[in-house]
Amino acid sequence: MYIVIIGAGSIGSNLIDLAVRDGNDVVVIETDEQRANDVASSYDCLVLNADATTHDTLRDADIDRADAVISTTDIDAVNIMVMLLAQEHDVPNLVSVVHDPENLPVFEKIGVNLIENPQRLIADYLYHSVRYPGVTDFIDLDDETELVELTVTEDAPMHDQLLSSAKESGALPEGCLVVALQRDGDIRAPRGGTTVRAGDHVTVFTDDATLDAAVRAFTGEQP
């Protein structure tokens, strides 16, 4: 893909590393001269030390070729302006971080894919890592529900349980749904006849009220 990334701060620099290493054509726009120079010396990509909120800069970035524009600055007003300008150039995929939740309606009206409050996401991840060591990954779907990835242990209530009877036996909490199961490198959609075994990696849909019970069911941990 041809990707234009706005900002080379803590979020942008990690994104640049991922995008370049994955073989994409990347253009970086950064107003800070030192940051721009650091990126130019570290990565095989075009770096513009310029203001991304102007049409001239975006034209220099060849924005009309872009498959995506991703704005990562720590100022929502800048990100909004970049998204509006990119929309005028018919960029098919617009992505931006949003720091202030009050600005969400503006981004949504533009039609932007959002990364909401990255600092909060990091804090949530760190907190989950401490409180739920058995959770290998999680995604907040909204304020009350999330997807969690768990590795089943031998002493967990769900070990050797048939999904069709797990709720009736009390091993699987109410409000908890297994949506994917990975075993021996193969990912499958679990069915009622699927038996959960130790070593399986399961993706579980749960609400906040059931999260502790879900972690306990698959890992045996007491949060």
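Guide: In this predicted model, a strand is a DSSP run of E with at least two residues, and strands are numbered from the N terminus. Arginine 188 has its place in such a run, strand S11, which covers residues 186-188.

Visitor: What does arginine 188 touch, leaving aside residues up to four places away in sequence?

Guide: With those left aside, arginine 188 touches Ala180, Leu181 and Arg183, where touching means heavy atoms within 4.5 Å. Valine 202 is 14 residues away from arginine 188 in sequence, and their C-alpha atoms are 9.8 Å apart in space.

Visitor: How do you know that valine 179 is partly exposed?

Guide: Valine 179, a residue of strand S10 (residues 176-183), has a relative accessible area of 37%. That value falls between the 20% and 50% limits, so valine 179 is partly exposed.

Visitor: What makes Leu177, Val179 and Phe205 a nonpolar patch?

Guide: A patch takes residues with over 30% relative accessible area and no salt bridge, and nonpolar side chains are joined within 5 Å. For Val179 the 37% is over 30%, so this part of the rule is met. Together with Leu177 and Phe205 it forms a patch on the surface, with about 230 Å² of accessible area in total.

Visitor: Which residues touch the most other members of the largest nonpolar core?

Guide: Among the 24 residues of that core, these are Val4, Ile29, Val69, Met83 and Leu94. At least two residues each come from strand S1 (2-6), strand S2 (25-29), helix H4 (76-88), strand S5 (93-98) and helix H5 (104-110), and H4 gives the largest share, five residues. Apart from this core lies another of 20 residues, including Val148, Met158, Val196 and Val202.

Visitor: Which elements do the buried residues of H4 pack against?

Guide: They pack against S1, helix H3 (55-60), strand S4 (68-71), S5 and H5. Among the buried residues of H4 are Ile80, Met83 and Ala86; of these, Met83 and Ala86 are also touched by leucine 94.

Definitions and conventions:
Residues numbered from 1 in each chain as written. Predicted model: local features only at pLDDT ≥ 70, side-chain atom pairs only at ≥ 80, totals over all residues. Heavy atoms only, no water. Patch = residues over 30% accessible without salt bridge, like charges linked within 9 Å, V, L, I, M, F, W, Y side chains within 5 Å. Areas by Shrake-Rupley, 256 points an atom, 1.4 Å probe, with all protein chains shown as cover. Salt bridge = Lys/Arg side-chain N within 4 Å of Asp/Glu carboxyl O. Helix = DSSP H or I, 4+ residues; strand = E, 2+ residues; numbered from the N terminus. Buried < 20%, exposed > 50% of the residue type's maximum accessible area, 1.4 Å probe, protein only. Core = buried A, V, L, I, M, F, W, Y, C linked by side-chain atoms within 4.5 Å.
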